[in-house]
Structures are given as C-alpha cells and as structure tokens.
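Subject: Structure for handover

Hello,

Here is the structure you asked for. My notes on what was found follow below it.

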Amino acid sequence: MDAISIIRTKRDGGALSDAQIDWVVAAYTVGEVADEQMSALAMAILLNGMERREIARWTAAMINSGERMNFGALALPTADKHSTGGVGDKITLPLAPLVAACGAAVPQLSGRGLGHTGGTLDKLEAIPGWRAQLSNAEIQSVLTDAGAVICAAGDGLAPADRKLYALRDVTGTVESLPLIASSIMSKKIAEGTGSLVLDVKVGSGAFMKTLPDARALAETMVGLGTDHGVRTVALLTDMSTPLGRTAGNALEVRESVEVLAGGGPADVVALTLALAREMLDAAGLPDADPERALADGSAMDRWRRMISAQGGDPDAPLPVARERHVVPAPASGVLARLDAYAVGLAAWRLGAGRARKEESVQAGAGVELHAKPGDPVVAGAPLLTLHTDTPERFEGALEALAGAAVEVVPAERAHEVVVPETVLGRVA
C-alpha cells in the first residue's frame, strides 16, 4: 500500500477498497502518511464522495485506531447528543446538565471550533479554571458526581479522527459528508454511549445548506449508529440565522447560564427542550419532564456541579473583550434576514475561531445580536455589537457582514417575513 495510489484512486472518482481504507487510516494515525497526503485525500473525498460501504469502513477504521470506552458500571442509562455545527449553537451547555437532572447520565465528548462554527470546548474554556482534558477515570468520576461531563476525547479515543479533525479545519474540507459522518460517529461509537441524538443543522450557517443534503447526512449517521448497536435518532434543525443572540465563546456561556436560570432566548430554550426529550426517550425515560427541571433549578444545580468537578468556578466573572463596535440597523422596519454564515464568519474574524489548528481563540470575542428575524428595528439603532481584544479585526468582520447578510423590510411588509421553525424534521 502507498498513499499516492490511494489518493489517485479517489481523485479519479474510484471507490477505495476495505484494505486501502484500513491501511491509510492506520498509517496516518502513526505518522506514516503525512498531513499533506491526507489533505489531498480529504479534498478528493470532498470532491468525489464515498459510497455507503466506504463510509462504514472508514468509520470502523477510525474507531479501531484507538480504545473504546464503557459506561456499563454506571447505574443510569447513558445518552449523548452531537450537533453538526452551527453559529451561536451553545445547546450542549444547558442540555447536558438538563438531561442529567432528569435521570440519565450524559458522557458528552465535544470538539473545538471548526471553520466558521463555534466549538463547545472553546466556549467552556472561557470559564476560569475549567478543564477540557480529563482521564477516563476523571470522566467516570464527574459522571458519578454530576451526572454529566463535557470534555475532549482522550488521546486513546479515535486518535485518527483527532488528527483529521484538525486538518479538515485548515484545508477547506470541513463540509465533506463522508468525513463529517465518520468523524462524528467514530467518536460517539467509541465513546460507549447507549443512545445518541444528532442535531443536524441545515441552512447558510451549517455545513449542509439544503434539507435534502442534511437528511442524507442524518440518514447516513443514524445508519452507522444503529449498525454498531447505538440507539440513534436525528433532528434536522434550522441554521439560516444564528441560534440565540450571541456567537462567541464567553458570550455564549453567559447566554447558556440564562437558559439554565429559566430565561434565555426562545429559540435556544425550544431546541434545548426538543433535544432533551429525544435523549430521554432514547435512554428509556420518556416520562421525564425537562421543562420542570429547567424551572425548578435542578438543571442549574447539575451545571454548577459539573463545572466545579472539572476545575471551573461557576461564580467567576466571564472574560469580556476589550473593544466593541456597534453595527446600526440600516433602515427602519422589520428584520427579514440575518445570515448565519455571515455572523459566524464575522465572529471567527474577530478572534472567536481559529485559522490554523495551533492558534488559540479569544474568550471574549464574538457577535451580539440585538434583533432576530421578525423583530422590529429602527434605523441607526444597534443591530449588532462586535467584540474583540484586537480592534484591527473589526474591518474583516464588517466585510463579512456587508452585502446581503442583513435585510430589513418596511413595517407594512412584515407579513412577508418568514421565520423558520426551529425543528425541520426527524430521522430515526
């Protein structure tokens, strides 16, 4: 076997054999295949796709590149959730403690920012002292104490994916359906959860721009999970406009705590509850009431225990960016469009994301939304506030928001504004 012939096979539209897939994933994991060679193969996969058999084998090879976890010793059923990535998508933060408060254990292995989308670990690291890297023993300990843990995958869990995940972010290959499906499902299957709910985003701010593409990804992942004995279901959810009113790390943590306190934006609350109900049903707890757990403070209690157990101070002030720039509404009327991709790109350029895998992110950087589609706006009043520690970044962020990113229609045309439903479909 050699990397060049495998690259050529996929470059020319061919299907990789099981042996080719097994070899290239294993060889890349140990460094025999270089980053530039895997970059070329990833681009060929993005351009030419993979058959279902190839995706299944690639996923199995990623799982087999490392260890598998087992939560069989826990007395509680396990449930996990994964989002394919969006703008302002802070749902994991309130969701994990909420489901734990309802009686399931939530081993949530999460990732960092990928392209214009935010990363759960980047967000949580805005909390002073909080640790993403935990040993397997620590993961079990936090789960036992708090009922939920949000952390990075350990070095031994799907190491092939850890390398490829970082590479995709900086080589323009994030959007590949086979690579998205195998990345997500290899980690989740190796993680050892008993059930899994997938939040598959669709729209301008998602990797899947259309409902058919999102459904194809959801069906692929549900099939992979089911074949490996994990009860798996997917919700298709809107990402044409950002979730909530913030996109950025500390900004989103602050908004998540508002949700746990019984407030927060309506769309964030609605999606959190929808996913919680799916997770609890998949875990065999269909009668649990997540809405009550938000209202009575039990979800907040789980959050505080989880953050503290991972070294964080839930009472510490969150970082605030040193510089701000207000973007005014261009006209009076009703906000008809606020493009999720443009907002995500602006947040990334402000320092909330990374352009290279070795870069750090700014905890306080991001975009604050003062209106959502369907809301009335007044010309000259604040529409967005940009946050960053480095004001020279404002220019690039403003360029991202120029053009068709924002649309305001006269008040008499308010009836023409269509605000998409949060949940667009379900795949089981």
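**Helix H1 against helix H3**

H1 and H3 cross in a left-handed sense. This is a predicted model, and everything in these notes is computed from it. The two helices, H1 at residues 3-11 and H3 at residues 35-48, pack at an angle of about 15°, and their axes are 8 Å apart. Angles under 35 degrees count as roughly parallel, so H1 and H3 are roughly parallel to each other. On the H1 side the contact is made by Ala3, Ile4, Ile6, Ile7, Lys10 and Arg11, which meet Gln37, Ala40, Leu41, Ala44, Ile45 and Asn48 in H3. Sorted by class, the H1 and H3 contact has eight nonpolar, two polar and two charged residues.

Ser39 also belongs to helix H3. Its relative accessible area is 17%, and buried means under 20%, so Ser39 counts as buried. With neighbours within four places in sequence left aside, Ser39 is in contact with Leu167 and Thr171.

**Helix H5 against helix H14**

From H5, the residues in the contact are Leu93, Pro97, Leu98, Ala100 and Ala101; from H14 they are Ser298, Ala299, Arg302, Trp303 and Met306. By class, this contact of H5 with H14 has eight nonpolar, one polar and one charged residues.

Thr92 is in helix H5, which runs over residues 92-101. Thr92 is buried, at a relative accessible area of 5%.

Helix H12 spans residues 266-282, which is 17 residues. From its first C-alpha to its last H12 reaches 24 Å, close to the 24 Å expected at 1.5 Å a residue. Of the 17 residues of H12, 13 are buried, so the helix is largely enclosed by the rest of the structure. Just after H12 comes Gly284, with a positive phi of about 85°.

Ala158 has a positive phi too, near 45°, and is a residue other than glycine. Ala158 sits in the loop between strand E3 (148-152) and helix H8 (159-169). Is Ala158 buried or exposed? Ala158 is buried, with a relative accessible area of 1%.

**Pro410**

Pro410 is in the loop that runs between strand E12 (406-409) and strand E13 (423-427). Its relative accessibility is 32%, so Pro410 counts as partly exposed. Which residues does Pro410 touch, not counting those up to four places away in sequence? They are Ser332 and Gly333. Pro410 and Pro330 are 80 residues apart along the chain, and their C-alpha atoms are separated by 12 Å.

Regards

Technical notes:
Residues numbered from 1 in each chain as written. Predicted model: local features only at pLDDT ≥ 70, side-chain atom pairs only at ≥ 80, totals over all residues. Heavy atoms only, no water. Axes fitted to C-alpha atoms, helices over the stretch in contact; angles between N-to-C directions. Helix = DSSP H or I, 4+ residues; strand = E, 2+ residues; numbered from the N terminus. Parallel < 35°, antiparallel > 145°, perpendicular 65-115°, else oblique. Left-handed = near helix turned anticlockwise from the far one by under 90°. Contact = heavy atoms within 4.5 Å. Nonpolar A, V, L, I, M, F, W, Y, C, P; charged D, E, K, R; others polar. Expected span 1.5 Å × (residues − 1). Buried < 20%, exposed > 50% of the residue type's maximum accessible area, 1.4 Å probe, protein only.
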